[in-house]
Amino acid sequence: MDAAVRLPGRFSRHALLIATAAVPLTGWAAHALTLHKRLAATRKDPLTGLLRRDAYTAHARRLLTRHGDKMTVLMVDADHFKAVNDTLGHAAGDAVLAAFGARLTAWAGPRAAVGRLGGDEFAVVLGLAPARRAQRLEQLVRMLHTPVVLDDGRTVDVAASVGAAAPDVLGTRDLTALQRAADAALYAGKHSGRAVVATAARATTPSINGRRVGRSGTAVWGRAA
């Protein structure tokens, strides 16, 4: 028997080659997992766990393209959020934002696009049957008006304004147009304690990057969408 050709025991040269080839593959798999985790971190907001603006926009557009009139677009603003930061501190404000993120995720479900656009502003695209739309939006408003309990036991009264826009109502699947209409509906019902569904007339509201003109911060967001 040629010891250079045959290996002792049950292992053949073929088995050794397979085992040797697996080493770099295993190393690459670990590297790929690390890259995947880093990519996921860039896609999600670290405070709320929601999608960042770009990742949300990409997912939202895919949903609208594939499912069209079955979708509903929501814009959500926390009410009186500055007062929470000013009176209770930024840690309390962060806790409120994290709670809103968790509530939006739970309400919308795993197939929805749920994003934090910045500050206390959120957006959601999800499948919502027209027959259940009003009921589900009322449920969301109740969830967002439930007080948040902080780690130190303090309770924060919270509220949010919600605007919705649906392709079957507005006749478009364009995300910018739908967010513009939902944003206008949100401000029409600001501090009212109810969600407002946009009518076709609100689809023509002037906007910058999909947000209502005149809204705080839009002056630095670029040209009108």
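## Helix α3 and its neighbours

In this predicted model, the buried residues of α3 pack against β1 (71-78), α4 (90-108) and β5 (155-156). Helix α3 covers residues 81-88, and its buried residues are Phe81, Val84 and Asn85. Seen down the axis of α3, these buried residues fall within an arc of 95°, so they line one face of the helix.

What does the face of α3 turned away from its buried side carry? That face carries the exposed residues Lys82, Asp86 and Thr87.

## Positive phi values

Most residues other than glycine have a negative phi. Just after α3 comes Gly89, with a positive phi of about 100°.

His80 lies in the loop between β1 and α3. His80 has a relative accessible area of 53%, so it counts as exposed, the cut-off being over 50%. His191 is placed in the loop between α7 and β7 (195-197). With a relative accessible area of 47%, His191 is partly exposed.

## Helices α4 and α5

Helix α5 is made of residues 133-144, and its axis comes within 10 Å of the axis of α4. The two axes cross at roughly 155°. An angle over 145 degrees counts as roughly antiparallel, and α4 and α5 are therefore roughly antiparallel to each other. The crossing of α4 past α5 is right-handed.

On the α4 side, the contact is made by Phe100, Arg103, Leu104 and Trp107. On the α5 side, Arg136, Leu137, Gln139, Leu140, Met143 and Leu144 take part. By type, the residues of this contact between α4 and α5 divide into seven nonpolar, one polar and two charged.

## Helices α2 and α7

How do the axes of helix α2 (residues 53-67) and helix α7 (residues 175-188) cross? They come within 10 Å and cross at roughly 105°. Angles of 65 to 115 degrees count as roughly perpendicular, which means that α2 is roughly perpendicular to α7.

Helix α2 contributes Tyr56, Thr57, Ala60, Arg61 and Leu64 to the contact, while α7 contributes Leu175, Thr176, Leu178 and Gln179. The residues of the contact of α2 with α7 comprise five nonpolar, three polar and one charged.

Conventions:
Residues are numbered from 1 along each chain as its sequence is written. This is a predicted model: local features need pLDDT of at least 70, side-chain atom pairs count only at pLDDT 80 or more; totals for chains, interfaces and linings use all residues. Side-chain values use heavy atoms; hydrogens and water are left out. Axes are lines fitted to C-alpha atoms, for helices over the stretch in contact, and angles run from 0 to 180 degrees between N-to-C directions. Helices (H or I, at least four residues) and strands (E, at least two) are DSSP runs, numbered from the N terminus. Angles under 35 degrees count as roughly parallel, over 145 as roughly antiparallel, 65 to 115 as roughly perpendicular and the rest as oblique. Contact means heavy atoms within 4.5 Å. Ala, Val, Leu, Ile, Met, Phe, Trp, Tyr, Cys and Pro count as nonpolar, Asp, Glu, Lys and Arg as charged, and the others, Gly among them, as polar. Buried means under 20% relative accessible area, exposed over 50%, partly exposed in between (1.4 Å probe, protein chains only). The arc is that of the directions from the helix axis to the C-beta atoms. A crossing is left-handed if the near helix is turned anticlockwise from the far one by less than a right angle, and right-handed if clockwise.
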